[in-house]
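Hi,

Here's the structure I promised to pass on. Have a look first, and then read on for what turned up in it.

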Amino acid sequence: MWRRIGNIALVVAIWATIVAYVVCSAILVSQHKRVQNVERLNIEIADSTASGQLITSHRVREMLLEQGIATVGVNVESVDTRAIREMIYREGFVDYVGIYTSYSGTLHIHISQRKPLFRLLVDGYNCYITADGYLFQSPEHAALHIPVVSGDYCPPFASEYEGHLSQVLAGYELKAKDSVAQIGKELKPILEREHYWQSRRKDVRDSTITQKGERRRLYRYIDGHLRDCKHAKEAIAARQRAVESAFEQRVAQFEQLQSLIEFVALIDRDNFWRAEIVQIVATTTSDGRITLQLIPRSGNHRIEFGWLESCEQKMDKLRLFYDKVAVTRGWDSYKTVNLNFVDTIVCTYKDEN
């Protein structure tokens, strides 16, 4: 029994020591912070690749100066870390910001940037899109060596938008449902009128009117009102269908954009294509689909890729063309390489004259 009591006492003593150490450490750290100033600033940028950086430590220092946020020489507890986070997060390409001060007085700012898949550079748009569908505006002070999508493509989102594309589609869906519901509210008074005239017609049918001419006149009068009610209901249904059809077109546009993202991701996964394809010319056709033309780094030819379908098979054909034909005849022998034919590649030669 005494042995058991001794073990319990030992455990209690150990935990009391640990708690006392933690409390004392917290007090000492708190006291240290009251007198400790920031001695130096250390900015770490994560996710830096061969494609480049969207933000640099030098740029972060410039931003701190522009916003008038003091760091070095300021008391550790007086540094406005919240303002620093908000300032950096305003750069849409920033995924995470971590800020802490070491015991020696070094203020650490750790920034993780998003990895864009391609740059969208069409009329009125200059932004980057990631593989998971996040969109942010192109920074003024940086650029990445990644494929550029240009051409007559019409994106299904506002040019100034930043955020996940799924949120844009969700907003369109909510707006469409609200519009359908608002239009549907106009149906209630029409149904009430219709019910009224149906009751009037029943009253005429059950009345004691003996003159056929009078009965027919009343029927024509009432049926005219019922036809007006029917036409009004049809007009409301047509307006609701128009809203739903417009939303379905939006969905189709986002599906096409998702197909474009998946295609560029297919290029990005292959080391050869990542280095070879430098620009993608996208065009929105009359039916809302996207057709592509690829501009390679090697040679002066253009690759007619066509619709965003059978993408892997088309790229396999193009690789076969590069491996078996272009290397023997020369990269500059061709004007266009067309991948739109099944099991066939159609090429046009340059006009030497």
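Which residues form one aromatic cluster? They are Phe272, Trp273, Phe321, Tyr322, Tyr334 and Tyr349.

Before going further, some ground rules. This is a predicted model, so local features need pLDDT of at least 70 and side-chain atom pairs count only at pLDDT 80 or more, while totals for chains, interfaces and linings use all residues. Residues are numbered from 1 along each chain as its sequence is written, and side-chain values use heavy atoms, with hydrogens and water left out.

**Aromatic rings**

A pair of aromatic rings is described by the distance of the centres and the angle of the planes. Rings of Phe, Tyr and Trp (for Trp, its six-membered ring) pair if their centres lie within 6.5 Å; planes under 30 degrees apart count as stacked, over 60 as edge-to-face and the rest as tilted. By this rule the count comes to 13 aromatic pairs. Take Tyr196 and Trp197: their ring centres are 5.0 Å apart and their planes are at 75°, so this pair is edge-to-face. Tyr196 is partly exposed at 42% relative accessibility, whereas Trp197 is buried at 10%. (Buried means under 20% relative accessible area, exposed over 50%, and partly exposed in between, using a 1.4 Å probe and protein chains only.)

The charged end of Arg201 is over the ring of Tyr219, 4.3 Å from its centre. Arg289 lies over the face of Trp307, at 4.0 Å from the ring centre.

**Salt bridges**

(A salt bridge is a side-chain nitrogen of Lys or Arg within 4 Å of a carboxyl oxygen of Asp or Glu.) Glu309 lies in the loop between strand E11 (302-307) and helix H8 (311-329), and Arg289 in the loop between strand E9 (277-284) and strand E10 (290-296), so the pair ties together parts that are 20 residues apart in sequence. Those labels come from DSSP runs, numbered from the N terminus: helices are H or I with at least four residues, and strands are E with at least two. Both ends are partly exposed, with Glu309 at 40% and Arg289 at 29%.

How many salt bridges are there by this rule? The count comes to twelve. Another one joins Glu214 and Arg217, at 2.8 Å between the closest N and O atoms. These two both lie in helix H6 (residues 212-268), three residues apart, which is about one turn of the helix. Glu214 is partly exposed at 29%, and Arg217 is partly exposed at 40%.

A search of the whole structure finds one cavity of 30 Å³ or more. On a 1 Å grid over the protein atoms alone, a cavity is a set of points where a 1.4 Å probe fits but cannot get out; a pocket is an open set with protein on both sides within 12 Å along at least five of seven lines, and lining residues have an atom within 4 Å of a point. The largest cavity has a volume of about 50 Å³, a volume being the space filled by probe spheres set on the points, which are joined across faces, edges and corners. Among its lining residues are Tyr153, Cys154 and Ile290. That last one, Ile290, is in strand E10 and is buried at 1%.

The second largest pocket has a volume of about 220 Å³. Of its 14 lining residues, Glu91, Phe93, Ser138, Pro139 and Glu140 lie nearest its centre.

Most residues other than glycine have a negative phi. Ser310 has a positive one, near 50°, and its place is in the loop between E11 and H8.

Enjoy exploring!

Conventions: A charge sits over a ring if NZ of Lys or CZ of Arg is within 6 Å of the ring centre and within 35 degrees of the ring normal.
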